[in-house]
Amino acid sequence: MNETALTVHQTSRPDGFPTAEQFTFVESALPTPAAGSALVENLYWSVDPYHREMMDDVPGGFALHTPLEGRTLGRVIASRTPRLTEGEIVFHRRGWRTHSVVTPEETRRLPHFDGVPLTAYLSVLGGTGLTAYVGLTRVARLQEGEDLFVSAAAGGVGTATGRFARLLGAGRLVGSAGSAAKVDHLVREVGYDAAFNYHDGSAGTLLREAAPDGIDVFVDNVGGEQLAAAVNALREFGRVVRIGTISQYNTPDAPPPRFNYADIVEKSIRMEGFLVSNYRDLQEELYEFAVPHLRSGRLSLDETVVDGFERIVDAFLGMLRGRNTGKIIVRDHTRTPAALAA
């Protein structure tokens, strides 16, 4: 057993885009679990856009010079509770560290589904997939044949949204992304009917070209100019699902989007945001929906996997710069099994 542990700490608050210098790796002795807890050797780590918000001095944000938090999968290697068995794989949120001491209440046992890789529990079967599923089924209340526009469509939530929407019977799917390669991936692999590179012109013009007849639903991961363009393109009784505002995470002084607020009334548009943490009771429903499609091959994983815990900060910063396609996951390739043992 490795006798040392590594944790990542944030050392200062960013002004705009964070840098590697605002993080540090801290080495310590391997923690010892107290009675009622267990020691977990972490195997996979999720880095997510919401981590950028938590870097600021906000309620519930990251404290400086303490281990950071994040969604993680790990193997129990020492247990002092009968509720956590040595050798089992669990999900928990005490990530950004190689080893974590957790209680049963802080973990979730992972169900075993033949042929489903472990990474799926951090992508389409995890918080990323749950966000996409809630946005479509509970907030948008998507109806068969309705047309969607998804911003940041090549990210984790965007690719899951596109794939789920297609399985739910959506009509025309339009997405935006930040490069020609991502646009190509959306159309060739994910199932979008059209996509555009938002660097190629104004969002309003690009969206009109991709969806000349308008849209029924906008799933918004970006905010800003694309939100304004979508409001203009929405049909009567259109819906905006607000998931994130990544365009402003690193530019807090950017002006808010400008659109015709009368459209909200005149077209009976509904705009609603949500936190996926308020919908954790739908986890089993997500499994019931997604797992059969994973097994049949109708649902594929869009993932960028980065090997090595020592690269977790680079992975996070790269995600903020749009260097990933699909969900970005950091892996300890020296210890990770491909799937849960039967």
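**Close-up views of a predicted model**

**View 1. The second largest pocket.** The second largest pocket of this predicted model has a volume of about 410 Å³. Its lining is made of 20 residues, of which Arg71, Phe91, Arg93, Arg108 and Arg280 are the closest to the centre of the pocket. Two or more lining residues come from each of helix 1, strand 5 (89–92), strand 7 (107–109) and helix 2 (127–139). By type, the lining residues of this pocket are five nonpolar, seven polar and eight charged.

**View 2. The largest cavity.** The structure has one cavity of 30 Å³ or more. The space in the largest cavity is about 50 Å³. The residues that line the largest cavity are Ser123, Val124, Thr128, Gly156, Thr159, Ala160, Arg163, Ser300, Asp302 and Lys327. Helix 3 (residues 156–167) contributes the most to this lining, with four residues. Two of the lining residues of the largest cavity are nonpolar, five are polar and three are charged.

View 3. Strands of a sheet pair through backbone hydrogen bonds, in either a parallel or an antiparallel way. Here six strands form an open sheet in the order 10-9-8-11-12-13, and the pairing is parallel. Strand 10 (194–197) and strand 13 (270–273) are the edge strands, each of which pairs on one side only. From one strand to the next, the twist averages 15°.

**View 4. The pairing of strand 8 with strand 11.** Strand 8 covers residues 148–150 and strand 11 covers residues 215–220. The two strands pair in the parallel sense over three bridges. Phe149 has Phe218 of strand 11 as its bridge partner.

**View 5. Helix 5 across the sheet strands.** Helix 5 (residues 203–210) lies across strand 8, strand 9 (173–177) and strand 10.

**View 6. Helix 10 and its cover.** Helix 10 (residues 312–320) is mostly covered, with eight of its nine residues buried. These buried residues are Ile312, Val313, Ala315, Phe316, Leu317, Gly318, Met319 and Leu320. The elements that cover them include strand 1 (4–10), strand 2 (23–29), strand 3 (38–46) and helix 1 (50–54), as well as strand 14 (303–307) and strand 15 (327–331). Helix 1 also gives residues to the lining of the second largest pocket. After helix 10 comes Gly322, which has a positive phi, near 80°.

Methods: Residues numbered from 1 in each chain as written. Predicted model: local features only at pLDDT ≥ 70, side-chain atom pairs only at ≥ 80, totals over all residues. Heavy atoms only, no water. Pairing = 2+ DSSP bridges. Axes fitted to C-alpha atoms, helices over the stretch in contact; angles between N-to-C directions. Contact = heavy atoms within 4.5 Å. Buried < 20%, exposed > 50% of the residue type's maximum accessible area, 1.4 Å probe, protein only. 1 Å grid on protein atoms, 1.4 Å probe; cavity = no way out; pocket = protein on both sides within 12 Å on 5 of 7 lines; lining within 4 Å. Points joined across faces, edges and corners; volume = space filled by probe spheres on them. Nonpolar A, V, L, I, M, F, W, Y, C, P; charged D, E, K, R; others polar.
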